[in-house]
Amino acid sequence: MRLVKSIDQVRKAVRAQKEQGKKIGLVPTMGYLHEGHLSLVRLARRKCNFLVVSIFVNPAQFGPKEDLREYPRDLKRDLQLLKKEGVDLVFCPSVAAMYPGGYQTYVEVVGWNKILCGASRPVHFRGVATVVLKLFNIIEPDIAVFGRKDFQQAVIIERMVKDLDLDVKILTGRIVRERDGLAMSSRNTYLSAEQRKNAAILYQSLKWLKQAYVNGLRDPKTAESRMAAMITARDGRIDYIAFVDKNSLEPVKELRRGTLAAFAVFFGKTRLIDNTVLGSNLDIGHLFIPM
Ligand code: AMP
């Protein structure tokens with residue numbers, strides 16, 4: 001497994017593989033890897049013959065008051081994990097390489113970048129779309145894999161790929177969860193022991209919703225207030241709870257098959273997100289049982 005920091009070098013390395021007819025896969029990450037990331041790496045590994053994982057904590061997707069500085073990092077451990085997964089190349093550029101002085105070009109998937117998570121993180125999706133487009137231009141992958149944990153992000157990337165005629169196939173992987181159902185996230189390390197215990201309510205509220213839907217619940221407002229009550233009873237502070245069509249991201253008047261239920265909740269200063277798609281068993285994700 002090669003570790004490459006320079007844009008020129010990664011281009012050369014990937015192009016040499018392309019010339020040999022290899023199919024290139026990319027899994028973009030911000031590092032501090034967990035089983036959720038690794039599940040995407042395994043999915044990508046099966047779909048390509050040369051697998052690149054990028055590790056880059058992208059400043060453009062953090063707001064001025066967000067956790068860019070505190071964001072956890074452990075490159076040594078990440079590299080060990082990726083080596084075990086049979087990754088071919090890890091691209092780990094510096095901020096100066098990605099955003100040199102004078103940088104002023106950004107990509108916006110208009111509208112969708114201001115709703116749901118975009119409402120409280122106004123620059124977030126612009127930063128995500130920009131860095132992902134840069135990575136696509138640098139690596140020119142045939143396939144790229146994103147997690148449905150960040151559902152809105154995946155939908156935005158798919159839209160950008162269509163709108164800008166990018167020649168890359170987007171695949172998405174299911175949500176990987178801890179034993180108590182909390183979606184794995186690099187940010188879970190910020191939680192105190194008590195917050196960590198309380199955060200299990202997020203998964204429980206999604207399970208409640210799935211069952212209530214099966215039992216006939218159709219009113220999004222009732223669903224929202226019941227879920228909000230469950231979460232706030234465990235000291236979670238709701239940023240948003242939304243019920244939208246999973247393709248258009250338009251709010252739904254009635255819960256139905258294909259409705260995306262998504263939320264962001266603060267425990268202390270830590271903002272956690274999770275989601276599920278109604279009418280599908282798969283999208284509640286699966287539990288990671290350590291061996
Ligand atoms: P991040 O490092 O947080 O930017 O995430 C990199 C990729 O991993 C994104 O496509 C995320 O959606 C995905 N991801 C993060 N957490 C999980 C999880 N628990 N299950 C599946 N995918 C995840």
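A backbone N or O atom of M30 sits 2.9 Å from an oxygen atom of the ligand, a polar contact (a pair of N or O atoms within 3.5 Å; within protein, one must be able to donate a hydrogen and the other to accept it, and residues adjacent in sequence count only if both atoms are side-chain atoms). This is a predicted model, where local features need pLDDT of at least 70 and side-chain atom pairs count only at pLDDT 80 or more, while totals for chains, interfaces and linings use all residues. Residues are numbered from 1 along each chain as its sequence is written, and side-chain values use heavy atoms, with hydrogens and water left out.

**Around the ligand**
- For G147, a backbone N or O atom is 2.8 Å from an oxygen atom of the ligand.
- D150 uses its side chain instead: one of its polar atoms is 2.7 Å from a ligand oxygen.
- There are 17 residues around the ligand, and H37, G147, D150, V176 and M184 come nearest; to count as near, a residue needs a heavy atom within 4 Å of the molecule.

**Two domains**
- The protein chain is split into domain 1 (2-173) and domain 2 (186-277), with bounds from an automatic or database domain assignment.
- Their C-alpha centres are 26 Å apart.
- Domain 1 puts 21 residues into the contact and domain 2 puts in 17, where contact means heavy atoms within 4.5 Å.

**What the interface is made of**
- About 1600 Å² is buried between domain 1 and domain 2, with carbon and sulfur atoms giving 59%; buried area is the accessible area (1.4 Å probe) that two parts lose on being put together, summed over both.
- On the domain 1 side, L116, K149 and F151 account for 35% of the area buried against domain 2, more than any other three residues.
- The rule picks out 10 residue pairs in polar contact across the interface (both at pLDDT 80 or more).
- Helices α5 (117-120) and α7 (151-163) each bring at least two residues to the side of domain 1 that touches domain 2; helices are DSSP runs (H or I, at least four residues), numbered from the N terminus.
- With three residues, α7 gives the most to that side.

**Salt bridges**
- The structure has 11 salt bridges, each a side-chain nitrogen of Lys or Arg within 4 Å of a carboxyl oxygen of Asp or Glu.
- One salt bridge is found across the interface of domain 1 and domain 2.
- D67 and R187 pair up through their side chains in a salt bridge, at 2.8 Å, N to O.
- Another salt bridge joins the side chains of D163 and R159 (2.8 Å, N to O); both residues lie in α7, four residues apart, about one turn of the helix.
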